[in-house]
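The following note sets out several points for a colleague who will work with these coordinates. Please read each point against the structure shown below.

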Amino acid sequence: MNQVPKKKTRQPINGVLLLDKPVTWSSNDALIKAKRLLNAIKAGHTGTLDPFATGLLPLCFGEATKFSADLLDADKTYQTVVHLGMTTNTGDTEGEVVQQSEVDVSIEQIHSVLAQFRGDIMQVPPMYSALKRDGKALYEYAREGITLEREARPVTIHMLEFVHYEAPFLTLNVRCSKGTYIRVLGEDIGKALGCGAHLNALRRTQVGHLVLENTVTLEQLEAMDEGQRLSLLAPVDALLSSFPEVELTAELARRFLQGQRIPLGKEGLNYPTQLGRVRVYAHDEHTGHGVRQLLGSAQLQEYGILAPERLISTQTK
């Protein structure tokens with residue numbers, strides 16, 4: 001009688017994996033694959049990449065999932081190839097060709113048009129997007145042949161850099177605020193040039209302070225043993241490293257983890273001068289062995305008041 005193989009017990013893994021998402025994979029499928037390879041109990045990503053896009057996809061495991069929303073608000077950087085002279089119904093390579101035009105533009109015209117899209121601009125979200133209308137995603141309406149009116153929204157293009165042009169392909173580097181659709185940016189640049197356009201390729205190279213150079217592919221991950229995979233995980237506070245830090249004594253750490261507001265000035269502790277989001281650690285004496293422990297995030301308010309925000313379980317390693 002053949003024995004059924006025992007199902008591996010999922011592990012309480014905590015940390016951040018920087019994945020280089022492959023083309024054609026959805027962000028969720030890539031997350032499921034990585035979660036299985038790491039044998040993790042809990043996992044989530046920090047904002048999706050379209051299936052045709054590749055590049056940096058930070059994956060959060062365990063306690064790190066509590067801070068994944070912070071990267072949703074972060075600026076993002078991409079390299080994209082805009083195919084001039086051809087529009088599709090999705091704005092990228094996954095859609096059907098809607099219109100084709102002759103491409104007769106100069107480098108000077110391109111630079112002039114790019115200047116119009118730097119800084120604060122208004123952008124109309126695409127129909128092929130996950131934005132909801134009456135509880136239904138816009139892409140569901142689009143697949144039914146329905147086009148709805150969408151209001152333009154403000155976004156910021158911090159950097160729009162010309163890289164290369166070999167007609168009809170225009171390569172650009174873009175750093176933008178949250179909520180920016182690079183597909184729409186490519187289409188709008190094509191319109192301004194008078195020939196239309198869609199995205200031929202899109203690669204995300206940076207999310208906040210996290211960069212593509214530190215990523216691993218699914219193929220590389222699959223070829224590793226369990227120990228090697230776990231060694232790739234960045235600590236939970238990798239998601240918070242752009243925020244100032246506050247370090248508490250053992251007693252204050254205990255009170256903080258109970259949800260109490262801490263008057264840092266009255267407790268004689270130094271604290272950042274800038275109000276807002278901070279990351280909070282326990283002092284060495286709280287954790288022992290000379291290792292600090294992340295307690296979570298907080299809001300630093302007026303008069304040095306530290307208000308707990310998201311707390312992590314100090315029982316997990």
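1. A residue is called buried here when its relative accessible area is under 20%. The model is a predicted one. L18 sits in strand β1, which covers residues 15–21. Its relative accessibility is 12%, and L18 therefore counts as buried. The C-alpha atoms of L18 and E222 are 15 Å apart in space, while 204 residues separate the pair in sequence.

2. UniProt, in an unreviewed entry, lists residues 35–182 as "domain: Pseudouridine synthase II N-terminal". In the model, this span of residues 35–182 is 39% strand and 16% helix.

3. Two or more lining residues come from each of α1 (27–38), β4 (76–84), α4 (138–143), β10 (153–166), α5 (182–193) and β12 (197–207). Strand β10 gives the most, with three residues.

4. An open sheet of five strands is present, with mixed pairing and the order β14-β16-β17-β18-β15. The edges are formed by β14 (245–248) and β15 (262–263). Each of these two has a single partner strand, so one side of each is left without a neighbour in the sheet. Within this sheet, β16 (residues 276–282) and β17 (residues 293–301) run antiparallel and are joined by seven bridges. Y281 stands opposite L294 of β17. In general, strands of a sheet pair through backbone hydrogen bonds, in either a parallel or an antiparallel manner.

5. Helix α8 spans residues 250–257, and its L252, A253, R255 and F256 are buried. Why do these buried residues line one face of the helix? Viewed down the axis of α8, they fall within an arc of 165 degrees, and so they line one face. As background, an α-helix has 3.6 residues a turn, so residues three or four places apart point the same way. Just after α8, G259 adopts a positive phi of about 90 degrees.

Conventions:
Residues are numbered from 1 along each chain as its sequence is written. This is a predicted model: local features need pLDDT of at least 70, side-chain atom pairs count only at pLDDT 80 or more; totals for chains, interfaces and linings use all residues. Side-chain values use heavy atoms; hydrogens and water are left out. Buried means under 20% relative accessible area, exposed over 50%, partly exposed in between (1.4 Å probe, protein chains only). Helices (H or I, at least four residues) and strands (E, at least two) are DSSP runs, numbered from the N terminus. The arc is that of the directions from the helix axis to the C-beta atoms. Two strands pair if DSSP finds at least two bridges between them. UniProt positions are given in the numbering used here, feature names are shortened, and annotations may be inferred rather than shown by experiment.
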